[in-house]
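Please open the model in your viewer and keep the sequence beside it.

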Amino acid sequence: MIEVCNISKSYHSTPVVNEVSFSVAQGEVLVLLGTSGSGKTTILKIINRLIEKDSGKVFIESEDTDNLTAYELRRKIGYVIQSIGLFPHYTIEQNIAVVPELLSWNKSQIQNRVNSLLEMMNLPSSLKSRKPHELSGGQQQRAGIARALAADPPLILMDEPFGALDPITRQELQNEFKRLEGVINKAIIIVTHDIIEAMVLGDKICLLNAGEIQQIGTPKELLFHPASPFVEEFFGQHKLQLELNAVTLHDLASFMSFKDFDLYSGLKPETSLAECLIHTDKNVNIEFEKLLKLYFNNREVLIRKFKDTA
């Protein structure tokens with residue numbers, strides 16, 4: 001869906017992005033992760049042509065974006081930013097309808113699209129006539145995502161989309177985003193400096209340092225099969241929490257008894273151990289402790305398995 005080939009960008013002879021390449025398929029989420037100054041947001045802005053690259057190529061749906069005007073390119077891209085970016089003097093309905101109106105959709109199409117997106121984002125239709133400042137931060141961010149999806153673009157770019165929210169709302173929207181991934185079915189690139197968020201949201205993670213890629217892979221690959229000491233150190237201080245977010249019920253299935261299966265039969269196989277803790281009820285702490293013990297008793301076997309399949 002999108003292919004980035006050897007893009008570079010320098011300022012005053014100092015490289016900020018150096019020979020970066022990756023691809024993202026339809027329905028896949030790639031997280032650009034790294035410390036401040038690693039080039040994450042610059043890469044996103046190069047794709048959207050808010051910044052012009054010095055060299056390299058970007059293809060969207062196999063089309064060289066150099067052959068498109070900035071206006072034509074941005075019709076193929078939905079953009080979500082940390083500060084939400086809703087027009088304060090527009091209603092929520094008008095904000096979501098901006099791009100379809102620019103594309104000359106008819107009123108009926110626009111109305112149907114606005115209504116379906118509000119429903120998808122769990123926003124009541126009563127909010128359509130309100131201005132952004134009348135909504136909570138979480139509602140505003142949902143509306144911002146709806147606006148990015150309005151014209152049904154093949155690619156969505158998200159720059160620290162949940163960074164300005166309080167921890168509870170942030171986690172809520174992260175979980176909501178995971179639910180929406182399959183419904184949206186777009187190529188999605190997310191920029192974040194939050195390691196846990198990257199592990200939760202990303203199908204693949206591109207870890208950057210000083211404008212260069214250190215490793216690209218699934219969360220498990222980066223966590224259990226680091227390509228360098230830098231990668232290992234980057235994830236080291238959050239190791240336990242990251243493992244609980246990366247390891248799923250499916251990974252533990254071969255170690256479970258039939259009784260264990262019954263305990264977790266209401267959860268999907270791809271549910272992470274961290275999510276299992278969230279799903280537990282009043283009596284669950286004992287069950288979660290059993291699950292945690294099962295993982296640590298078989299951790300070395302699983303790590304070897306993850307490395308073999310990397």
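Begin by selecting Val 31, which stands opposite Ile 205 in β9. Strands here are DSSP runs (E, at least two residues), numbered from the N terminus. The model is predicted: local features need pLDDT of at least 70, side-chain atom pairs count only at pLDDT 80 or more, and totals for chains, interfaces and linings use all residues. Residues are numbered from 1 along each chain as its sequence is written, and side-chain values use heavy atoms, with hydrogens and water left out.

Next, select β9 (residues 204–209) together with β3; these strands pair in the parallel sense over four bridges. Two strands pair if DSSP finds at least two bridges between them.

Now select residues 29–33. How many residues of strand β3 are buried? Five of the five are, so the strand is largely enclosed by the rest of the structure. Buried means under 20% relative accessible area (1.4 Å probe, protein chains only). In a regular strand, side chains alternate between the two faces of the sheet. Val 29, Val 31 and Leu 33 are buried on one side of β3, and Leu 30 and Leu 32 on the other.

Finally, turn to the open sheet of four strands, ordered β2-β1-β4-β5 with antiparallel pairing. β2 (14–24) and β5 (63–64) are at the edges with a single partner strand each, so one side of each is left without a neighbour in the sheet. Select β1 (residues 2–11): β1 and β2 are antiparallel and pair over seven bridges. Val 4 stands opposite Phe 22 in β2.

Definitions and conventions: Buried means under 20% relative accessible area, exposed over 50%, partly exposed in between (1.4 Å probe, protein chains only).
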